[in-house]
Amino acid sequence: MDVTAIVLAAGAGTRMKSEKPKVVHEVLGKPLIRWVVDTARQAGAEQIICVLGHKREQVEPLVADDTTVVVQLEQKGTADAVAVCRTAVSESAKSVLVLNGDCPLITPQTLKELVRAREASNAGVAVLTMEAPDPHG
């Protein structure tokens, strides 16, 4: 499985109403972005690229040792964040996972299954979604 993961972590996270970037906030003593990076690694991603932007000086020390850091100078949206990674993605990558840096609950197994399903169907794109049993409250 030649997989590259792009972790999106450039946004301001204004809904958090915090001075810290959203991905720096901790859950169980670990920054959100580390949960995502570690999960991608456990899922078999050989290359992990973190897209940083807003307040990157707070985020970069959390990922610089074991990921490729790419900077999105102007936060122009998700598609632009992925586009700035174009030259950083390994030519050997058969699949590219695009992950939000603030979603720590996805499991390595789910990512592996998503990659397998995309590769088995030879689809250009696969989107992971879910149906909540009770979406209220």
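The paragraphs below look at the cysteines and then at the charged pairs of this predicted model. Residues are numbered from 1 along each chain as its sequence is written, and side-chain values use heavy atoms, with hydrogens and water left out. Local features need pLDDT of at least 70 and side-chain atom pairs count only at pLDDT 80 or more, whereas totals for chains, interfaces and linings use all residues.

A search of the whole structure finds 0 disulfides, a disulfide being a pair of cysteine sulfur atoms within 2.5 Å. The sulfur of Cys50 has its closest cysteine sulfur in Cys85, and because the distance is 9.1 Å, this is too far for a bond. Cys103 is also in no disulfide, since the nearest cysteine sulfur, that of Cys50, is 14 Å away. Cys50 is buried at a relative accessible area of 0%, while Cys103 is partly exposed at 37%; buried means under 20% relative accessible area, exposed over 50%, and partly exposed in between (1.4 Å probe, protein chains only).

The structure also holds 5 salt bridges, each a side-chain nitrogen of Lys or Arg within 4 Å of a carboxyl oxygen of Asp or Glu. One of them joins Lys22 and Asp102 at 2.8 Å, N to O, and because Lys22 lies in the loop between β1 and β2 and Asp102 in the loop between β6 and α4, the pair ties together parts that are 80 residues apart in sequence.

Elsewhere, Lys30, Arg34, Asp38 and Asp66 are linked in a network of salt bridges.

How values were computed: Helix = DSSP H or I, 4+ residues; strand = E, 2+ residues; numbered from the N terminus.
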